[in-house]
Amino acid sequence: LNLVGACSGGVTAALLLAYWAGKGESRARSFTKLVAILDIQNAKDTTMGLFANFETLELARLFSRSRGVLKGEDLQKAFAWLRPNDLIWSYWVNNYLLGKEPPAFDILYWNADTTNLPAALHEDLLDLMAEGGLRPGSHYAIDGVRIDLRSVGCDTYVLAGETDHITPWEGCYQSMQALGGNSEFVLSQSGHVQAIINPPGNSKARFLTNTGQHSAPEEFRAGAEQHAGSWWEHWSIWLAQRSGAEVDAPTAAGSEAYNPLAPAPGTYVHATA
């Protein structure tokens with residue numbers, strides 16, 4: 001398996017890998033972690049750190065618990081308030097005061113594609129944030145299995161965004177060092193979303209790599225080499241080196257042994273009365 005996780009999905013993917021390692025299972029060939037910080041302490045000086053206090057976390061916990069899910073639109077609003085000038089007030093002026101239609105923008109369309117978050121998972125994430133995240137030496141456990149990120153021995157591809165305000169690239173770099181195995185750190189020139197959604201063909205795109213020795217963000221930056229174009233092509237080569245032979249894509253979901261349980265995205269994201 002080649003696992004990919006972005007933002008909070010990068011946290012849950014890291015938990016899964018450490019959980020497997022704690023049970024003595026080796027199922028992943030590689031792990032790609034996109035704009036994700038595992039040690040939440042590194043986010044204290046960011047706009048996200050404004051939400052990481054007891055009162056706010058407890059209010060969020062009660063809000064989702066009372067409904068069974070945290071609706072995607074509510075989660076979207078929370079992230080919008082992390083960057084209100086760009087994600088709230090600019091639209092209030094353009095759409096409401098000036099009466100203009102918002103311009104068609106692929107990133108905004110992607111950003112508006114929300115999904116519901118189950119209250120139980122939301123509470124787990126809040127507990128993790130309250131404890132400071134997955135820090136070295138922490139005693140976080142899942143089903144009695146102690147989570148040790150250093151036991152994750154597969155190779156890791158870590159992407160960060162140079163202007164990311166939610167998961168600053170320095171925090172993504174430091175989180176990379178908590179994992180075992182060999183890691184490749186890549187710094188894209190964009191923010192939280194655009195650092196990921198960066199297809200080939202953009203003449204303005206660039207990213208940084210550093211194949212030398214480095215153990216701190218400033219050391220990476222000092223010896224980094226700049227590349228023109230999308231990091232997707234760089235990642236494709238890295239991933240191919242850790243993948244098996246190419247096979248034809250399946251024409252339908254599931255198999256004879258494993259029938260699909262429900263259409264995507266799955267019944268667990270549906271709100272219940």
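**Chatting through a predicted fold**

Visitor: What share of the contacts with a separation of 6 or more comes from residues 24 or more positions apart?
Guide: That share is 73% in this protein, with contact meaning heavy atoms within 4.5 Å. Bear in mind that this is a predicted model, where local features need pLDDT of at least 70, side-chain atom pairs count only at pLDDT 80 or more, and totals for chains, interfaces and linings use all residues. Residues are numbered from 1 along each chain as its sequence is written, and side-chain values use heavy atoms, with hydrogens and water left out.

Visitor: OK, how many helices and strands?
Guide: Nine helices and ten strands; these are DSSP runs numbered from the N terminus, helices being H or I with at least four residues and strands E with at least two.

Visitor: Switching to rings: how many aromatic pairs are there?
Guide: Eleven. Rings of Phe, Tyr and Trp (its six-membered ring) pair if their centres lie within 6.5 Å; planes under 30 degrees apart are stacked, over 60 edge-to-face, and the rest tilted. A tilted one is Tyr-157 with Trp-235, at 6.5 Å centre to centre and 50 degrees between the planes.

Visitor: Why does that pair tie together separate parts?
Guide: Tyr-157 sits in strand 7 (residues 155-161) and Trp-235 in helix 9 (residues 231-240), so the pair links parts 78 residues apart in sequence.

Visitor: Is Tyr-157 buried or exposed?
Guide: Buried, at 0% relative accessibility. The cut-offs are under 20% relative accessible area for buried, over 50% for exposed and partly exposed in between (1.4 Å probe, protein chains only).

Visitor: And which residues touch the most other members of the largest nonpolar core?
Guide: Leu-15, Leu-17, Phe-31, Leu-38, Leu-134, Ile-147 and Leu-149, out of 22 residues. Helix 1 (residues 8-22) gives the largest share, eight residues. A nonpolar core is a set of buried Ala, Val, Leu, Ile, Met, Phe, Trp, Tyr and Cys residues joined through side-chain atoms within 4.5 Å.

Visitor: What does Phe-31 contact?
Guide: Beyond its neighbours within four places in sequence, its contacts include Leu-17, Tyr-157 and Trp-238.

Visitor: New topic: where's Thr-167?
Guide: In the loop between strand 7 and helix 7 (169-176). Thr-167 is buried, at 5% relative accessible area.

Visitor: Which side chain does the side chain of Thr-167 join in a polar contact?
Guide: That of Asp-164, at 2.7 Å. A polar contact is a pair of N or O atoms within 3.5 Å; within protein, one must be able to donate a hydrogen and the other to accept it, and residues adjacent in sequence count only if both atoms are side-chain atoms. A polar atom of the Thr-167 side chain also lies 3.0 Å from the backbone oxygen of Val-35.
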